[in-house]
Amino acid sequence: MSSSTCEFALRMGDNALILGQRLGEWLGHGPQLEEDIASANIALDLVGQARLWLSLAGRLEGRGRDEDALAYARAQHEFRNCTLVELPNGDYAFTIVRRMLFDAYQRVLLGRLAGGAQAEIAAIAAKSKKEADYHWRHSADWTLRFGDGTDESHRRAQGALDRLWGYTRELFVPDPVDPEADSLRGPWLALVEPLLKEATLAIPAETKFISTGKRGLHSEHLGYVLAEMQFLQRAYPGAKW
Amino acid sequence: MSEKEWPLWEVFIRSKQGLDHKHCGSLHAPDAKMAIQMARDVYTRRNEGVSIWVVPSAAIAASDPDDHESFVEPMAAKIYRHPTFYQLPDELEHM
């Protein structure tokens with residue numbers, strides 16, 4: 001395994017970690033008690049996935065950093081998550097539509113990785129894929145209800161999609177770490193497009209903008225996520241309870 | 001935001017194959033599909049079940065607690081309806 005495998009594991013881990021942290025912000029603020037619990041469950045699933053990927057990244061890196069060191073002691077430019085997952089939650093429609101776009105991506109990507117040649121990656125992917133399938137079920141269901149719901153929910157869901165769509169391009173930009181990233185877009189669209197159609201949501205026009213989070217160049221929002229997430233370990237290094 | 005409350009659902013969970021579904025609580029959800037999904041998150045987070053039923057709470061007909069005297073109490077005095085007078089062989093377990 002090479003340093004690009006380590007880099008890839010960081011991307012997977014950071015995507016799950018940052019989105020998990022974002023979802024965690026809803027805890028106690030969800031629109032309904034039941035939805036609050038569902039959201040928190042999904043956040044926990046993602047943090048669990050992040051632990052597996054970051055542990056793997058730490059071992060591949062070989063500098064003695066464990067999952068905690070990677071999660072709590074890296075600076076913003078060292079994070080490799082896509083920009084999509086670090087954007088602020090916005091309203092519940094934005095939170096759901098963002099997750100739907102990401103969940104579809106995860107399903108396609110993890111499905112492919114689960115059948116891959118590297119045993120450790122395949123094992124993490126196979127475990128995570130089952131969770132991603134459920135996450136998609138939840139986010140796709142709500143996307144449908146918001147899109148094809150009331151005028152208000154439709155307006156909010158479409159607004160969310162308009163703002164988020166541009167950030168999905170980054171997921172499919174190939175580079176040496178992930179040379180086949182572009183081949184995932186077809187299967188991803190095959191999940192997302194029929195859902196959006198059924199939800200009466202219009203796919204926004206493509207733009208030239210490509211975000212760069214997975215290369216470590218983040219939006220201004222990630223710093224705030226990290227400040228909250230890392231505060232304790234930075235103020236009290238090695239704190240345990 | 002929610003002028004209209006979501007209806008209430010009763011949740012039944014089967015903890016293992018072969019066992020009965022048992023009532024375990026209730027929750028609010030907009031429809032049956034969502035109720036099952038939410039029941040999964042609210043009641044089976046710790047691997048409590050293999051199957052979930054949901055029933056609209058409004059669809060449940062219940063006995064009236066005020067009928068207790070005539071409806072329940074008379075049963076208490078009829079010990080001959082309990083099969084406690086049979087001699088059970090020692091080999092029979094779990095009775």
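Six bridges tie strand E1(B) to strand E3 (residues 51–56) of chain B, and the two run antiparallel. Strands pair if DSSP finds at least two bridges between them. Helices (H or I, at least four residues) and strands (E, at least two) are DSSP runs, numbered from the N terminus. One bridge partner pair here is B:Ile13 with B:Ile52 in E3(B).

This is a predicted model: local features need pLDDT of at least 70, side-chain atom pairs count only at pLDDT 80 or more, and totals for chains, interfaces and linings use all residues. Residues are numbered from 1 along each chain as its sequence is written, while chains are lettered from A and ligands numbered from 1 in the order in which they are written.

Stay with E1(B), residues 8–14. Seven bridges join E1(B) to strand E2 (residues 21–28) of chain B, again antiparallel. B:Glu10 has B:Ser26 as its bridge partner in E2(B). E1(B) and E2(B) form a hairpin, with six residues between them. In the turn, B:Gly18 has a positive phi of about 95°.

B:Trp9, B:Val11 and B:Ile13 make up the covered one. B:Leu8, B:Glu10, B:Phe12 and B:Arg14 lie on the uncovered one.

Now step back to the whole of chain B. Its secondary structure comes to three helices and three strands. Along the sequence the pattern is β-β-α-β-α-α. The radius of gyration of chain B, taken over C-alpha atoms, is 20 Å, well over the 12 Å that the globule rule gives for 95 residues, so chain B is more spread out than a compact globule. That rule is 2.2 Å times the number of residues to the power 0.38. The C-alpha trace of chain B spans about 60 × 40 × 15 Å along its principal axes. Buried residues make up 16% of the 95 residues in chain B. A residue is buried if 20 or more other C-beta atoms, placed from the backbone, lie within 10 Å of its own, exposed if 12 or fewer, and partly exposed in between.

Chain A brings in helix H1 (residues 3–24). Of its 22 residues, 17 are buried, so H1(A) is largely enclosed by the rest of the structure.

Finally, the chains meet. Seven residues of chain A are in contact with nine residues of chain B; contact means C-beta atoms, placed from the backbone, within 7 Å. H2(A) gives the most to the side of chain A that touches chain B, with four residues.

How values were computed
Expected span 1.5 Å × (residues − 1). Contact = placed C-beta atoms within 7 Å.
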